[in-house]
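Hi,

Here is the model I promised to pass on. Have a look at it first, then read my notes below.

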Amino acid sequence: MVAAPTATWSHILTQVADSLDRFVEESSAEIAKLRKNVTEGRALVARGAKLRSQWDDMQKNALPKDSAKAEQDLVTAFDRWGRAGGIELGSIKPQWKRGSSNRYSLLECRVDASGSLNGITRLLYEVEKSPLALRIDSIELTSRDDSGNRLTLGLLVSGLRFTPLEGRR
């Protein structure tokens with residue numbers, strides 16, 4: 001009769017020990033996750049001033065509220081950048097897109113150009129360093145000759161405007 005209670009206590013202690021092991025493993029995983037979150041949060045706080053400055057710049061340099069003026073500004077900028085790089089602009093096709101919220105809209109612009117590698121590189125540099133709130137969405141580059149001296153560029157750029165798209169939703 002004495003053996004039965006010992007076996008029961010042994011079984012209970014094994015279950016308690018197993019439960020504690022699972023608890024420690026789960027807690028360790030949760031602690032590691034929380035430590036990672038704290039590290040990421042500290043990094044975000046450290047970058048806070050820079051992020052605010054970038055956001056302020058984006059708001060200052062967003063496209064004008066007037067859609068015709070915004071299109072004109074972007075086409076004029078591409079014309080200027082193309083001349084600076086000595087490339088030929090084949091077409092510039094702006095098209096308005098709705099933002100994911102009603103706080104903004106995007107001017108998506110497809111640009112086809114051709115020229116030397118140096119000229120196309122210069123155009124891309126000008127787009128990137130422009131104060132306008134632009135994002136390069138895609139770049140297609142193909143060679144027009146066997147030596148690769150003449151290239152064709154297909155560029156898709158989005159410009160930010162802090163005004164919703166006019167018209168029906």
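Asp145 counts as partly exposed because its relative accessibility is 28% (buried is under 20% relative accessible area, exposed over 50%, partly exposed in between, with a 1.4 Å probe and protein chains only). You'll find Asp145 in the loop between S3 and S4. A polar atom of its side chain lies 3.3 Å from the backbone nitrogen of Arg150. Asp145 and Ala32 are 56 Å apart in space, C-alpha to C-alpha, and 113 residues apart in sequence.

Before the rest, some housekeeping. This is a predicted model, so local features need pLDDT of at least 70 and side-chain atom pairs count only at pLDDT 80 or more, while totals for chains, interfaces and linings use all residues. Numbering starts from 1 along each chain as its sequence is written, and side-chain values use heavy atoms, with hydrogens and water left out.

Now the sheet. Four strands form an open sheet in the order S1-S2-S4-S3, with antiparallel pairing (strands are DSSP E runs of at least two residues, helices H or I runs of at least four, numbered from the N terminus; two strands pair if DSSP finds at least two bridges between them). Strand S1 (88-98) and strand S3 (134-143) are the edge strands, each pairing on one side only. From one strand to the next the twist averages 15° (axes are lines fitted to C-alpha atoms, for helices over the stretch in contact, and angles run from 0 to 180 degrees between N-to-C directions). S2 (residues 105-115) and S4 (residues 151-161) run antiparallel and are joined by eleven bridges; Cys109 has Val157 as its bridge partner in S4.

Two helices lie across these strands. Helix H3 (residues 67-85) lies across S1, S2, S3 and S4, at about 150° to S1. Helix H4 (residues 117-129) lies across S2, S3 and S4, and runs at about 5° to S4.

Leaving out residues up to four places away in sequence, Ser158 touches Leu107, Glu108, Ala133, Leu134, Arg135 and Asp137 (contact means heavy atoms within 4.5 Å).

Cheers

Definitions and conventions. Polar contact = N/O pair within 3.5 Å; in protein donor to acceptor, adjacent residues only side chain to side chain.
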